[in-house]
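Please keep the structure open as you read.

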Amino acid sequence: SDLWAAGKKYKIPRRQTANAFMLKALDNVVLDGKLCLILPASALVAPTSKEFLADWLTRVRLEKVINFGDLRKILFNTAKQPCIVVVASLREEKITGMPPGDETFEYWVPKADVSFAFGRLSLHSSDRHVLQTQRLFGDNELLTSLFWGTHRDIATITRLRLCGTFNDLIGSKKRWVSRKGFHRKDLSISDPVESGPLHQLLFLDAKNFKVDGPNLDSQLLRKFPKDIETVARLPEELFSAFKNDPRIVFTDGISKQRSVRAVFSNTPFSFTSSVGAIFGPKNDEPLLRFAAAYLHSRLVQYLLLLTAYQINFERERVTLTNIKELPFVHPDHHEHPERAWEIVREVSDCLVAQEAESEILRCPYNPGICESLIFEYFDLNQIEQERIKEVADRIAPNLQPSSVENIDTTLQHRPNDLQIDGYSKALQAELEHWRDLRKGRGNFSVHVRVPSLGVCGPLGVVRIMLLQESRAVGIEKSDQALDEVLRHIIDNNLLPMQIAGNFYLAADAMVRHDNMFYLVKPLVSRLWLQSEAYRDAEKIVRCVLSAQKQEVQK
């Protein structure tokens, strides 16, 4: 494949044979034929495939992309990468520039579902997206973000990044410098240098790099190893940084809580190239402490899950590139600089106080202590905060079940009353938000009817009623809820609906009657997340607008 690509002058990312095959397949399909390719997810979704994908889209018209990332360990138990299925057709001729704005494709993101244990895979409405092909042109992060996220999440992340990112601070000739530690050996260097100067410093062994909070545990530092007599190179700027500069040190992996394995320290010590660091001047110590706390927050867990390809699809790894892309704004450039500096100092003081506690009395770090301050710093409203907590607490711990036996995660359980109540309030608030945007009137009553615990394969019914004044949410336990509607839906095999073979579409049913809407949803926890409330509100709005349009046309 390397020789073939070189002969054609194609640039193949990562020497990935699958990408070469995607191009070779174009020579073997007739104009009115179809391409159906089973590929490693990286062929389309990895950041290194951006340019390749943009070029490929000038030759083909996407029809459907099915991302089996959540089933990576179940579909093929020896797979190093998840697979995707791509259905496309050949363009009559290669286009120049972006695809037309009205060109769309379907993006399916099926999740590990209990139905898989019975030989079928159910696709819920929240697992289906219709996207503009144009949006993939030059930026394929969309395929990662919409795997578990929504367009509202993308809007939140975009807004945060527009205020600034770590990349504005980290880099050559910037405020902070990122460096790897020293190399013990380098085949390109025949004349290593003595390690003598490093013996005056303590040493952090990457193999024993344990993280339980944003402060480095001083017990991890040891005397410099005697067996390291020489190192490949020891530039003065690196040795000086080891001795003098406060820093955040990190490794590629993530913690059990799915946060970055990064800690702050102002103690002089050295480390090998398997550890990276962000060094800053001494007067930036409070800001570096704040940044370390931020990296341990649920906000960063949320951001990485929705933007970092490797965390979603390959392995639990965070690179410096991922960190640089995280939103971060210097207090001086903050919309409210005085309050921003106050927050930085408060969080820094909190970390200093914990660091000062004795090893025996020190409690495990609780991210929630600083979390409200971090949320305020990034100007996150209550809805955004609840969504961030939901992703970090409910979705992140349940990614990619390792076997069919482990599919039954909490995301597959029946939602409890607290979760249904949270969904109801979020749905009501979102409908009110749409009402205000559309300059509408009235209020909404949202009630959910759920069957008793003994009912097999239960469905929940959400009733939304338009009111003039009062508004309310509530939960009603009833086995008689909308019996006629449910019986009709089930008798016609609409829940779920067979697409083909053992692939089923578990679509939500929506019924409109006078000034009431009814949504019929399976009582599966992941379908009652607050993100689903946002989607359901949008579906209701689209339904109303579509009906209005049809009335006007009549």
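## A buried loop residue

T409 is buried, with a relative accessible area of 13%; buried means under 20% relative accessible area, exposed over 50% and partly exposed in between, using a 1.4 Å probe and protein chains only. You will find T409 in the loop between α15 (382–395) and α16 (417–437). Helices (H or I, at least four residues) and strands (E, at least two) are DSSP runs, numbered from the N terminus.

Leaving out residues up to four places away in sequence, T409 touches N398 and P401, where contact means heavy atoms within 4.5 Å.

This is a predicted model, in which local features need pLDDT of at least 70 and side-chain atom pairs count only at pLDDT 80 or more, while totals for chains, interfaces and linings use all residues. Residues are numbered from 1 along each chain as its sequence is written, and side-chain values use heavy atoms, with hydrogens and water left out.

Next, please look at helix α9 (residues 285–295), which holds Y294. Y294 is buried, with a relative accessible area of 0%.

Which residues does Y294 touch, not counting those up to four places away in sequence? They are F166, L299, V300, L303, L326, P327, F328, I374 and F378. The C-alpha atoms of Y294 and V347 are separated by 9.4 Å, and these two residues are 53 residues apart along the chain.

## The pair α13 and α14

V347 is also one of the α13 residues that meet α14. Helix α13 (residues 337–356) packs with helix α14 (residues 368–377) at an angle of about 160°, their axes 10 Å apart. Axes are lines fitted to C-alpha atoms, for helices over the stretch in contact, and angles run from 0 to 180 degrees between N-to-C directions. The two helices are therefore roughly antiparallel to each other, the term for angles over 145 degrees.

On the α13 side, R339, A340, I343, V344, E346, V347, C350 and L351 take part, meeting I369, C370, L373, E376 and Y377 in α14. By class, this contact has 10 nonpolar, no polar and three charged residues; Ala, Val, Leu, Ile, Met, Phe, Trp, Tyr, Cys and Pro count as nonpolar, Asp, Glu, Lys and Arg as charged, and the others, Gly among them, as polar.

## The chain as a whole

Stepping back, the secondary structure comes to 18 helices and 22 strands. Of the 554 residues, 51% count as buried. Among contacts between residues at least 6 apart in sequence, 74% join residues at least 24 apart.

Conventions:
Angles under 35 degrees count as roughly parallel, over 145 as roughly antiparallel, 65 to 115 as roughly perpendicular and the rest as oblique.
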